[in-house]
Structure formats: C-alpha cells, structure tokens
Amino acid sequence: MAAQSPQADGVVLRDMTLEDVPAVNTLEQRLFPADAWPLQMFLAELSQPETRRYLVAESGGEIVGYAGLMCIEPIADVQTIAVVPEFEGRGIGSALLTRLIDEARSRGAADVLLEVREDNPRAQQLYVRFGFEKIHVRRKYYRDGVDALIMRLQLVPDGAGTAAESPTEAGQE
C-alpha cells in the first residue's frame with residue numbers, strides 16, 4: 001500500500017493514521033452535523049485493517065478530505081467519503097474514490113456499494129461518473145429523515161466469478 005500519492009494542487013493522498021483521527025473527527029462534525037460518526041467509530045474502523053482501508057487527503061499539512069472502505073468478499077462498501085467545501089471541485093473526491101475502488105479490486109470484491117443522501121446531487125453525479133447505478137432507496141435512512149440512495153458499481157459482471165478468479169477481467173479498465 002502506497003504511503004503517499006501526490007495529486008493536483010499539491011494535495012497528497014495517504015493512509016489515515018490514528019494521529020489523524022482527531023482532525024478527521026473535527027471535519028466529520030463540521031461536514032455531517034446531523035449524521036457525524038463519533039470519534040470512537042473512526043478508531044474502531046482503523047483497528048480492522050484486514051477488512052478496512054481509510055485514506056486522508058492533505059494540503060499544506062492539513063486534512064481536506066477523507067474516505068474509507070470496508071471489504072468483506074465479495075462486497076466492498078464505501079463507508080465514508082468527504083471533502084471540505086473549500087476544496088470541492090479539485091478532483092479530490094474523484095481521487096479518493098478511485099483509490100477505494102482500486103482497493104476493492106485488489107481485495108477481490110465483485111461489487112462496491114455505497115449510500116448517498118438523496119438531497120446530495122453533487123455526490124450522486126460523482127458516483128454516476130464512476131459507473132455506480134442506483135439499486136435501492138432506504139427511506140428516512142438519515143437522522144434528519146432524508147432518504148439514502150443505495151448505489152452499486154459492479155467490478156465483475158454477473159456470472160463472471162470473483163475478481164480473484166478472473167484477474168484479467170479485474171485488471172481491465
């Protein structure tokens with residue numbers, strides 16, 4: 001797993017560490033006030049590297065985005081993805097999502113799932129650009145009563161087996 005990956009505008013993607021959790025938690029509270037994860041949840045997620053991968057995006061030494069994936073074959077699930085508003089539109093969300101999808105592939109996932117707020121068209125457009133399709137709606141999923149759209153990206157076509165069984169297909173983009 002690469003330690004750092006420079007992006008445009010001097011933004012660096014790297015693995016989230018325990019030392020990052022307080023800053024990530026502060027951003028989480030700011031960005032998702034109604035649905036913020038408690039600090040302990042980030043600590044619990046980072047303690048499970050066999051099924052989890054969390055990243056941060058840094059600019060000028062400050063965390064400006066973060067994302068996490070859970071993968072239990074054959075399903076990967078985007079647990080969270082966020083970019084501070086001042087850094088939106090710079091490709092950071094796309095870079096984070098690309099890394100999560102690559103991680104899902106490397107772990108042998110056939111599908112990547114995620115939930116997105118029905119009232120967040122910007123995030124929905126990002127996911128559609130990556131090939132995610134809406135497969136279900138969870139009514140009143142979020143604490144403030146907003147529905148969640150369940151979206152799926154198929155990494156392995158139905159009936160083709162898992163990525164581990166067909167590495168040629170999994171490596172094609």
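Guide: The account below takes the aromatic rings and then the nonpolar core. This is a predicted model, in which local features need pLDDT of at least 70, side-chain atom pairs count only at pLDDT 80 or more, and totals for chains, interfaces and linings use all residues. Residues are numbered from 1 along each chain as its sequence is written, and side-chain values use heavy atoms, with hydrogens and water left out.

A search of the whole structure finds 5 aromatic pairs, a pair being rings of Phe, Tyr or Trp (its six-membered ring) with centres within 6.5 Å; planes under 30 degrees apart count as stacked, over 60 as edge-to-face and the rest as tilted. One of them joins Trp37 and Phe42, a tilted pair at 5.0 Å centre to centre with 45° between the planes. Trp37 is buried at 13% relative accessible area, and Phe42 is buried at 1%; buried means under 20%, exposed over 50% and partly exposed in between, with a 1.4 Å probe and protein chains only. Trp37 and Phe42 form one aromatic cluster with Tyr54 and Tyr66.

The largest nonpolar core has 46 residues, such a core being a set of buried Ala, Val, Leu, Ile, Met, Phe, Trp, Tyr and Cys residues joined through side-chain atoms within 4.5 Å. Tyr127 and Phe132 have the most contacts inside this core. Leaving aside neighbours within four places in sequence, Tyr127 is in contact (heavy atoms within 4.5 Å) with Ile81, Leu97, Leu114, Val116, Phe132 and Met151. In soluble globular proteins, nonpolar side chains tend to be buried together.
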